[in-house]
Amino acid sequence: MQSLEMFVRCLQSEWIKQKRSLGSWLTIVGALFTPGIVLVARLLHYRTLPTLYAADDFWQSMWRSSWESMAVFFAPMAAILATSLVAQIEYRNNAWKQVCALPLSSATLYFGKLLVVLALIAQFFIFFDVSVYISAVIPCLLRLAPYPHAPLPLHAFLTDTVQYAIATLPIVCAEYLLSIQFKNFLVPVGVGFLAWVAALASLSWKYGYLIPYAYSIMTYLQSYPKQALPVPALPLRWLVSAYTMGFCITGYVLFVRKRVRG
Amino acid sequence: MVKPRIYLKTCLQTAHLYHRYAPGREVLTDLNLAVPEGSIYGFVGPNGAGKTTTLRLLLGLLRRQQGAISLFGRDLDSDRIEILRKIGSLIEGPSLYEHLTATENLRVTQMIYRSPRQRLAEVLELVGLSAAREKLVSEFSLGMKQRLAIGVAILHRPALLILDEPTNGLDPNGIVDMRRLLKQLNQEHGTTILVSSHLLSEVERLATHLGIVHHGRLLFQGTLDELRRRRSERTQAWVSTSDDEAALKLIRQLQPLPEAVRIDDGRIRLASWTRGELAVLNRRLVNEGFDVYELGSQAGSLETIFMEMVAPDAIAGDVRSLSAK
């Protein structure tokens, strides 16, 4: 019970550190970027909007176009950068030594910070969903298009969002492991970027599914059958779970075994 | 080598503490610290003496290799979290979040210790930062950061405050303020303070107890009065005669009197002579027909004693070079 209370205190403390931090700004700006671009493009081509908004599959098409760049680029990048930036707060402010001198167990410290990273990633996806909807509604409010008559498939959208969020978990855990281990910010970011490029390059390779940075891209491509991908030997969710657990536990063991803290 | 001392109430104790960063490179050797409860313990030594390593070991920031550490009568390894609840620390400069305000930085720690909300204002007042409470730390001067870091360390009213060179980078006013604050915490709140410094002159104005460390070994441990007594036993003396060259030869023949030194300003400097030895010397000089113009002595400063402890070779070298002139 006392451990749980300390964990909650740790979470509250960690959350304060995110205020005005680069990581939290990144999740907001990254989430708004694609819907913002889509909105600007629509406003520039406002004459086509009435036809577009009258379509029966308006929401599906809007969703698909918004998620294309998100799943392939923004979600992996947000996971890489936000995670690295959260851990970097301690290194940049020379604060690890102070954090490790707090009366908290290693597990509380490690998983408390990881949970805050996950909360930021969740916030990123929620902001994205909300901004997709707002970007669809703004032309209606400006009377450039009628409100779509097709019903909003909210449940399907939320399910998709959860799937994409889960698909980024291996990236988050791998980046967290690296960010805690290496003081130099370029290590997690560089490794993350290279792994993402490798994932993109290996999509059509029969073992491409083994690269943990590929799963948000593969989740998107698998939703659209015309994008032919080699079929993974294992279900994606198993791979995602295995990598997430593997990185998470390895990171924790390395954190506990660190000889010098801070 | 200093043996472990036993105090009636010891807040912090290390026993036979050893540490090395690489094989054959001992950073600490058989370190036996004893910090009495309610004291201000100055942990003094030159840069690289092992002070920060010791403090890091005390906080569990370094994994202990050999020896034992106990705080508040408990073993650090088995009761680390309970022990850390009672400690405030500042190691190697302030650890503050620069994108947060002073109040937010305190809130980060307040959340962990569940200190009352009004404590934030109290602490800011205590460290003289009330006017800057909503200012971002990135806009703070080093002195302000140092004071805020102390504020973070004392927020939960720790029983023991561990400070590593807290006056580093402070201007003279800042140093005086810091000293006043630490004395206030010690006297009014009974906080035991372990403060490291490479300057004995800085610590002697503050500390009640001292530990002098060099090359990872504790060379002296005791009260400031004990060190002062040691000072009064050793004097720096000088003598000026009608023929200093001949007097110097005579002084060197005297046994078992220690080495004498001729210095630049024409006087003979006599290192570490007792008052009795000086009286014998004076009588001998007069008996040998020298006119003694001046014979004086002065108790060695704590800094001199410190230097004799941590750099005896350098001092001896200095003496030899002076002697050669």
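**View 1. The interface between chain A and chain B.** In this predicted model, 33 residues of chain A and 30 residues of chain B take part in the contact, and the two chains bury about 2,900 Å² between them, 52% of it on carbon and sulfur atoms. Of the area that chain A buries against chain B, 21% is supplied by Ile16(A), Lys97(A) and Pro103(A), which is more than any other three residues give. The size of an interface is often given as the accessible area lost when the parts come together.

View 2. On the side of chain A that touches chain B, the elements that give two or more residues are α1 (2-17), α4 (58-92) and α5 (96-100) of chain A, and α1(A) provides the largest share, eight residues. By residue class, this side of chain A comprises 13 nonpolar, nine polar and eleven charged residues. The count of salt bridges between the two chains is two, and one of the residue pairs that form a salt bridge is Arg20(A) with Glu104(B), where the closest N and O atoms are 2.3 Å apart.

View 3. Most residues other than glycine have a negative phi. Arg20(A), although not a glycine, has a positive phi of about 60°, and this residue is found in the loop between α1 and α2 (22-44) of chain A. With a relative accessible area of 37%, Arg20(A) is partly exposed, and its side chain forms a salt bridge with Glu104(B). Arg143(A), which is likewise not a glycine, has a positive phi near 60° and is placed in the loop between α6 (106-141) and α7 (154-167) of chain A. The relative accessible area of Arg143(A) is 77%, and because exposed means over 50%, this residue counts as exposed.

View 4. Ser84(A) is found in helix α4 of chain A and, at 1% relative accessibility, counts as buried because the limit for a buried residue is under 20%. A polar atom of the side chain of Ser84(A) lies 2.7 Å from the backbone oxygen of Ile80(A). When neighbours within four places in sequence are left aside, Ser84(A) is in contact with Glu175(A), Ser179(A), Phe185(A), Pro188(A) and Val189(A).

**View 5. The largest nonpolar core and Phe43(B).** The largest nonpolar core has 107 residues, of which Trp67(A), Phe43(B), Ile162(B) and Leu194(B) touch the most other members; the largest share of this core, 17 residues, comes from α4(A). Apart from neighbours within four places in sequence, the residues in contact with Phe43(B) include Leu31(B), Leu33(B), Leu55(B), Leu194(B), Val195(B), Val213(B) and Leu218(B), and among them are also Lys51(B), Thr54(B), Ser196(B), Ser197(B) and Gly211(B). A second, separate core of 44 residues includes Val137(B), Val152(B), Ala207(B) and Ile305(B).

**View 6. The fold of chain B.** Chain B contains twelve helices and 15 strands, and buried residues make up 52% of its 325 residues. Among contacts in chain B between residues at least 6 apart in sequence, 68% join residues at least 24 apart.

Technical notes. Residues are numbered from 1 along each chain as its sequence is written. Chains are lettered from A and ligands numbered from 1 in the order in which they are written. This is a predicted model: local features need pLDDT of at least 70, side-chain atom pairs count only at pLDDT 80 or more; totals for chains, interfaces and linings use all residues. Side-chain values use heavy atoms; hydrogens and water are left out. Contact means heavy atoms within 4.5 Å. Buried area is the accessible area (1.4 Å probe) that two parts lose on being put together, summed over both. A salt bridge is a side-chain nitrogen of Lys or Arg within 4 Å of a carboxyl oxygen of Asp or Glu. Helices (H or I, at least four residues) and strands (E, at least two) are DSSP runs, numbered from the N terminus. Ala, Val, Leu, Ile, Met, Phe, Trp, Tyr, Cys and Pro count as nonpolar, Asp, Glu, Lys and Arg as charged, and the others, Gly among them, as polar. A nonpolar core is a set of buried Ala, Val, Leu, Ile, Met, Phe, Trp, Tyr and Cys residues joined through side-chain atoms within 4.5 Å. Buried means under 20% relative accessible area, exposed over 50%, partly exposed in between (1.4 Å probe, protein chains only). A polar contact is a pair of N or O atoms within 3.5 Å; within protein, one must be able to donate a hydrogen and the other to accept it, and residues adjacent in sequence count only if both atoms are side-chain atoms.
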